[in-house]
Every structure is written in structure tokens, then in C-alpha cells.
Amino acid sequence: MTLVSIIVPCYNEQESIPIFYQRVDEILKKFKSQREDLSWEYWFVNDGSSDGTLKQMTYLQVGHPDRVHYVNFSRNFGKEAALLAGLKQAQGDYVAVMDADLQDPPELLPTMIETLATSDYDVVETQRTDRSGEPWLRSKLSQAFYHVINGISQVKIRPGARDYRLMTRQVVQAVIDLPEVNRFSKGIFGWVGFKTQVLTFDHRDRVAGNTHWSLRQLLAYSLEGIMDYSEVPLSIASWLGGLSFVAAIFGMIWIVGRALLFGNPTAGWPSLVTIILMLGGLQLLCLGILGKYVSKIYLETKRRPQYLIKEKR
């Protein structure tokens with residue numbers, strides 16, 4: 001019997017969960033007629049939701065105790081923590097990660113399962129081919145993020161790549177075994193490697209509710225990803241410091257030469273103030289970059305758990 005575990009991180013998804021469960025279960029029951037050895041389980045992870053998300057999970061678990069399970073966090077710890085918690089609870093031979101809003105098409109699940117079962121692939125990941133329906137600015141910033149991180153990091157992330165994927169038990173264990181506290185799943189999935197098949201699909205709107213990711217949160221998340229998988233920002237800070245030092249030397253030579261040739265007039269204080277402000281800004285920028293890396297080291301050394309479970313069924 002092949003067991004497929006479906007991990008569903010949830011934050012304020014009370015409207016989406018019943019629709020998600022009905023749709024996925026319908027597809028897998030139909031697929032079971034072709035693969036009689038197939039069974040599946042759900043692991044919903046409630047990431048500190050403030051609506052009726054936990055209540056919806058409870059209804060499903062009571063109605064289907066052998067198939068539906070859930071983990072309830074003590075507070076909101078973020079999607080990365082919810083994803084990790086689900087992976088640790090899953091018992092399946094294959095493990096899928098999906099969003100409850102059905103922007104990840106469940107119709108791909110049979111193909112994903114069949115691919116892993118009949119080939120030597122370890123992962124089937126999905127990639128969105130277009131970003132229709134998104135605000136123009138968010139779409140352009142997303143494209144810029146993939147361009148930047150793939151240009152400065154050894155870990156490559158496909159543009160439009162989703163967390164939606166199906167993995168073998170070996171891949172899941174490799175992801176769980178990574179000890180870092182600061183986790184960026186797209187980078188982790190790329191870092192562990194393994195042979196991967198890519199399935200593409202067109203953009204889909206949410207089945208219910210609204211997105212919980214603001215532009216500010218997405219920018220912060222992107223910055224975390226860049227700093228987790230690249231040291232280039234530190235190199236940029238070093239180069240800026242070196243270039244500023246060289247520019248200061250040439251500036252000093254020019255000032256001394258002008259004073260020897262033409263005297264030392266008092267005029268010029270605006271340019272002096274401008275130079276001081278520029279160098280001060282560069283110093284603060286470099287200190288800020290360095291501070292971000294130091295803060296990550298600080299969080300890692302504290303070894304706090306990524307999440308706390310209040311209830312599990």
C-alpha cells in the first residue's frame with residue numbers, strides 16, 4: 001500500500017478548507033480506481049489563525065479520523081514553521097505540500113504520484129507559467145527577485161516555482177534533517193537536490209478569501225531568502241567601503257592640490273557636507289547588511305524551536 005501524505009499550512013483559511021478537502025478527496029478517490037494500492041492522509045497545520053480555521057479542521061478530523069489530522073500552533077509562527085511541522089508529522093511514502101486556497105491545482109496530483117511511482121525521479125515540483133491577476137508591481141518585483149537570487153546564489157530557484165510538490169520519503173528526511181532555524185523552503189528544496197521533474201500550470205485565483213501576504217511581507221521574505229543563500233551582500237558592502245576609501249584618497253589629493261595652486265578659499269562647504277553624508281550613508285548601509293547576518297547568527301545560536309504545538313490530532 002502506497003501512502004501519500006498531504007501537508008496543508010493554513011492561516012485564516014476557514015472558507016477554503018472544506019472546498020479544498022472535497023476537491024482533493026474527489027480527485028484521489030477517482031485515481032484510486034486506477035491504483036488500488038493508493039491511500040492518503042491529510043495534515044492540516046493551523047498557524048495561529050484568528051478565524052474559524054481550527055474549527056473547520058476539527059470538523060474534518062472528527063468526520064474522518066483515520067484520514068484527517070491537524071496540528072494547532074500556540075500562536076502564529078509563519079508558513080515556514082507550519083511547513084516544517086507538517087513534514088515532521090507526515091508518515092507517507094510520498095509527501096505533498098499544498099496551499100488550501102486551490103491555487104495549487106490538485107488535478108496534478110495523480111500525474112505527480114504516477115511519475116514518482118514509475119520513474120527514478122525523487123521530486124515532482126510545480127512551476128507557474130504566468131502571473132496574470134497579480135498587481136503589476138508585485139509581478140515585476142517577483143521577477144526581479146528570481147533574477148537576483150539566481151545570479152548571486154549557487155542554489156538555483158526556477159522563476160514561478162511553487163512550494164507545491166510531491167517528494168519521496170528520502171527527500172523529506174533530508175529537508176527535516178537540516179538544522180537551521182532561519183528557513184527559506186524554496187532555497188532548501190533547491191539545496192538538497194535530488195532528481196526533479198517539473199510540471200507547469202497557468203495561474204489560478206484563490207477559491208475563497210484573500211491573500212495574507214502583503215507587499216512588505218513579500219519583500220522581507222525575499223530579503224531573507226537572498227541572505228540565507230548568498231554572501232554577495234557582504235561582498236557588496238566590502239566593495240562599497242573600498243571604493244569609498246579610494247574615492248576619498250583622490251578627493252584629498254585634489255583638495256590639497258587645489259589649495260597649493262589657488263589658495264584655500266572658505267567656499268565649498270556644501271560639497272563637503274554632501275561627501276560626509278554620502279560616506280555616512282554608505283557606512284550605515286554596510287553596517288545594516290552586516291547586522292542582518294549577525295542577527296541570523298544570533299537567532300541560530302539561541303536554538304529556539306521553530307514552533308510550539310498546542311494540540312495535535
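Predicted model: local features only at pLDDT ≥ 70, side-chain atom pairs only at ≥ 80, totals over all residues.
## Helix α7, mostly tucked away

Helix α7 (residues 185-192) is largely enclosed by the rest of the structure, because six of its eight residues are buried. Here, buried means under 20% relative accessible area with a 1.4 Å probe, counting protein chains only. The residues in question are S185, K186, G187, I188, F189 and V192.

Numbering starts from 1 along each chain as its sequence is written, and side-chain values use heavy atoms, with hydrogens and water left out.

## How α1 sits against α2

Two packed helices are described by the angle between their axes and the distance between the axes. For α1 (residues 16-32) and α2 (residues 53-63), the angle is about 35° and the axes are 9 Å apart. Axes are lines fitted to C-alpha atoms over the stretch in contact, and angles run from 0 to 180 degrees between N-to-C directions.

On the α1 side, I17, P18 and Y21 make the contact (heavy atoms within 4.5 Å); α2 brings T53, Q56, M57 and L60.

## The chain as a whole

The chain has 10 helices and eight strands, taken as DSSP runs (H or I, at least four residues, for helices; E, at least two, for strands) and numbered from the N terminus. Of its 313 residues, 43% are buried. Among contacts with a separation of 6 or more, 83% come from residues 24 or more positions apart.

Technical notes. Buried < 20%, exposed > 50% of the residue type's maximum accessible area, 1.4 Å probe, protein only.
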